Amino acid sequence: MDVRSCKNCGRLFNYMGGQPICASCKQKLEDKFVKVKDYIRQHELASMKEISEENEVSVKQLRQWVREERLTFSSKSPVGIECENCGAMIRTGRFCEKCKNNMANDFKGMYAAPKVQKVENKQSKGKDRMRFLDKT
């Protein structure tokens, strides 16, 4: 049993994995997420700072939800985050489509069957065989 103190409120709780926060704080965070999601639907052109201030959520938390692909911004929205690989602006996730495709192709190449080239033996078959002498 792993007992930790909540990083938000300081209460002790039984840690099961994930963020080190208690069940009460997780529920509050989830309620804020729903509120932010509704706000984004109603205010498509709001900036990250506006969303943060209106919903009392840190910009860091908003970015985390976007990276986790829980939040997605419309194509009209000026909000975007940078692709972790190339720096292109994206609406959700960690990587742009180009980088995702490149990584997928790289992974496919790793698991592809290796190409085996047949090497023909130019020497005669009889020379390389093992010989035994009969001692009778």
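Of the 136 residues in this protein, 23% count as buried, meaning under 20% relative accessible area with a 1.4 Å probe and protein chains only, while exposed is over 50% and partly exposed is in between. This is a predicted model, so local features need pLDDT of at least 70 and side-chain atom pairs count only at pLDDT 80 or more, while totals for chains, interfaces and linings use all residues. Residues are numbered from 1 along each chain as its sequence is written, and side-chain values use heavy atoms, with hydrogens and water left out.

**Whole chain**

Switch to a cartoon view to find 4 helices and 4 strands. Helices (H or I, at least four residues) and strands (E, at least two) are DSSP runs, numbered from the N terminus. Follow the chain from that end and the order is β-β-α-α-α-β-β-α. Now for contacts, meaning heavy atoms within 4.5 Å: among those between residues at least 6 apart in sequence, 27% join residues at least 24 apart.

**Helices H1 and H3**

Select 23-42 for H1 and 59-67 for H3. Their axes are 12 Å apart and the packing angle is about 80 degrees. Axes here are lines fitted to C-alpha atoms, for helices over the stretch in contact, and angles run from 0 to 180 degrees between N-to-C directions. The two helices H1 and H3 are therefore roughly perpendicular; that label covers 65 to 115 degrees, with under 35 roughly parallel, over 145 roughly antiparallel and the rest oblique.

Show side chains next: Leu29, Lys32, Phe33 and Val36 of H1 meet Gln61, Leu62 and Trp65 of H3. Colour that contact by class and you get 5 nonpolar, 1 polar and 1 charged residues. Ala, Val, Leu, Ile, Met, Phe, Trp, Tyr, Cys and Pro count as nonpolar, Asp, Glu, Lys and Arg as charged, and the others, Gly among them, as polar.

**The largest pocket**

Select Lys7, Asn8, Gln19, Ile21, Leu29, Lys32, Glu56, Val57, Ser58, Lys60, Gln61 and Gln64 to see the lining. H3 gives the most, with 3 residues. By class, the lining has 3 nonpolar, 5 polar and 4 charged residues. The space inside is about 250 Å³.

A pocket is an open set of points on a 1 Å grid over the protein atoms alone, where a 1.4 Å probe fits, with protein on both sides within 12 Å along at least five of seven lines; lining residues have an atom within 4 Å of a point. Grid points are joined across faces, edges and corners, and the volume is the space filled by probe spheres set on the points.

Glutamate 56 is exposed at 62% relative accessible area, and its phi is positive, about 55 degrees, although it is not a glycine.

Jump to glutamate 69, in the loop between H3 and strand E3 (81-82). Here too phi is positive, at about 65 degrees. Glutamate 69 is partly exposed at 47%. Beyond its neighbours within four places in sequence, glutamate 69 contacts Thr92, Gly93 and Lys100.

Finish at glutamate 44, in the loop between H1 and helix H2 (48-55). Its C-alpha is 8.7 Å from that of proline 78, 34 residues away along the chain.
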